[in-house]
Amino acid sequence: MRLPCVRVSAKDVEEVLEFLKSRGAYVRNCKVKKLSDGSVAIPVKEDLDMSLIKELPAVLVSESCYEDFVCGTLGLSFKDLLTGLIPEGVLRRIPSSYDVIGDIAVINIPEDLLEYGRLIGEAISRVSRNVRAVYAGSYVSGEYRVRELKHVFGDPVSKTVHKEYGLRISVDVLRTYYNPSLAEEHRRIAELVNDGELVADLFCGVGPFSLHIASLRNATSYAVDFNPDAIKCLIESIGMNRRKLKGRVVPVLCDVRDFLRIVSDDVFDRVVMNLPLEALEYVPAVSNKLRVGGVIHVYLVSYSVEEVKHLVSNAVNPSAFSVVSVKRVLDYAPRKYVFRADLRRNA
Ligand SMILES: C[S@@+](CC[C@H](N)C(=O)[O-])C[C@H]1O[C@@H](n2cnc3c(N)ncnc32)[C@H](O)[C@@H]1O
């Protein structure tokens, strides 16, 4: 790790180290380094007040420099590694967690902190050893629900393969939506499916629901998305997992509105609709594509279970559908959550 340092003659190392430690200026998890001229570089914190150096006994040869140091990370978080390297106020605004998608880490940080991106990325790659690229940016946006990301560290690759329950899922972090926190939800839905079902996985993204369903059941899922990169990733994943799939996944590159126009009524046993800010608008068009007894799993953003029940009851004919259950799936914003509502068609 590249850090500022103080250069001293070999005989003075112990004395200067003690001095720097007593002032909290030494980067403790990094080793001092012997340089080719026989002097020694001691790693110090980025915000070290250089007037401190002047307090050192005059006999020492000391000057400021930058060197690459070998640093240990045992038991340390990436934020621990950043302590002293970036201002305290900035550190407080950086979240403690980040997503690891395959071998790529993605961290949400405010735009004005992007100038610290390289240091943050380097610290993340040191605690998550399998990470080879780090991207920083904000939350999902746009019609493809893709995050706006900036590459801040490591190889400039955006494609990776993420594993969920042993399934290999191809993801392009710059061009497709993927949220590793949904892995359990993908599995939960697949476990509800019975052999022989016909499923519509609307707004499928890179297709994790359909892949899980096909891995557990001999069922057929139409996986529909209008993002060509997402459908390309899904096709790659079907190829990578072919020995694990009992069922079929039919990737459909299409606007869900067009798909619903061309499919017959009363055909699907189950419809998955994971587009939380908009899916509810599509429920009326989906409702008569479902056979009687079939289930819609619709995801939506709301404050409470009661509000979700109210919203979904208004979106369907209440005499034809019953709300079977409402589950909280993810945090979305302060006091706002992503819920899943399960609706059964009765008539
Ligand atoms: C939340 S993401 C996908 C989530 C995915 N089911 C998962 O679990 O990872 C929503 C997806 O809907 C797609 N999308 C949005 N509006 C669409 C539409 N009208 N037709 C087809 N796809 C749409 C976006 O491209 C995006 O991939």
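**Exercise 1.** How do the residues of the shell around the ligand divide into nonpolar, polar and charged?

*Solution.* Keep in mind that you're looking at a predicted model. Start with the shell itself: 20 residues surround the ligand. Now sort them by type: eleven are nonpolar, four are polar and five are charged. If you want to see the closest ones, pick out His186, Phe203, Asp225, Asp255 and Val256.

**Exercise 2.** Find which polar atoms lie within 3.5 Å of a nitrogen atom of the ligand, taking residues 255, 256 and 257 one by one.

*Solution.* Go along the chain. At aspartate 255, a polar side-chain atom sits 3.1 Å from a ligand nitrogen. At valine 256, it's a polar backbone atom, 2.9 Å from a nitrogen of the ligand. At arginine 257, we're back to a polar side-chain atom, this time 3.4 Å from a ligand nitrogen. And how much of the ligand does the protein cover? On its own, the ligand has 600 Å² of accessible area, and the protein covers 98% of that.

**Exercise 3.** Work out where the ligand lies in the protein.

*Solution.* First, look at the pockets: the ligand takes up the space of the largest one. Next, check which elements give two or more residues to the shell: they're helix 7 (208–216) and helix 9 (256–262). Last, zoom out to the domains. Domain 2 (78–157) and domain 3 (177–345) both give residues to the shell, so the ligand lies between them.

Note on methods. Residues numbered from 1 in each chain as written. Predicted model: local features only at pLDDT ≥ 70, side-chain atom pairs only at ≥ 80, totals over all residues. Heavy atoms only, no water. Near = heavy atom within 4 Å. Polar contact = N/O pair within 3.5 Å; in protein donor to acceptor, adjacent residues only side chain to side chain. Areas by Shrake-Rupley, 256 points an atom, 1.4 Å probe, with all protein chains shown as cover. 1 Å grid on protein atoms, 1.4 Å probe; cavity = no way out; pocket = protein on both sides within 12 Å on 5 of 7 lines; lining within 4 Å. Sits in = over half its atoms within 2 Å of the grid points. Helix = DSSP H or I, 4+ residues; strand = E, 2+ residues; numbered from the N terminus. Nonpolar A, V, L, I, M, F, W, Y, C, P; charged D, E, K, R; others polar. Domains from an automatic or database assignment.
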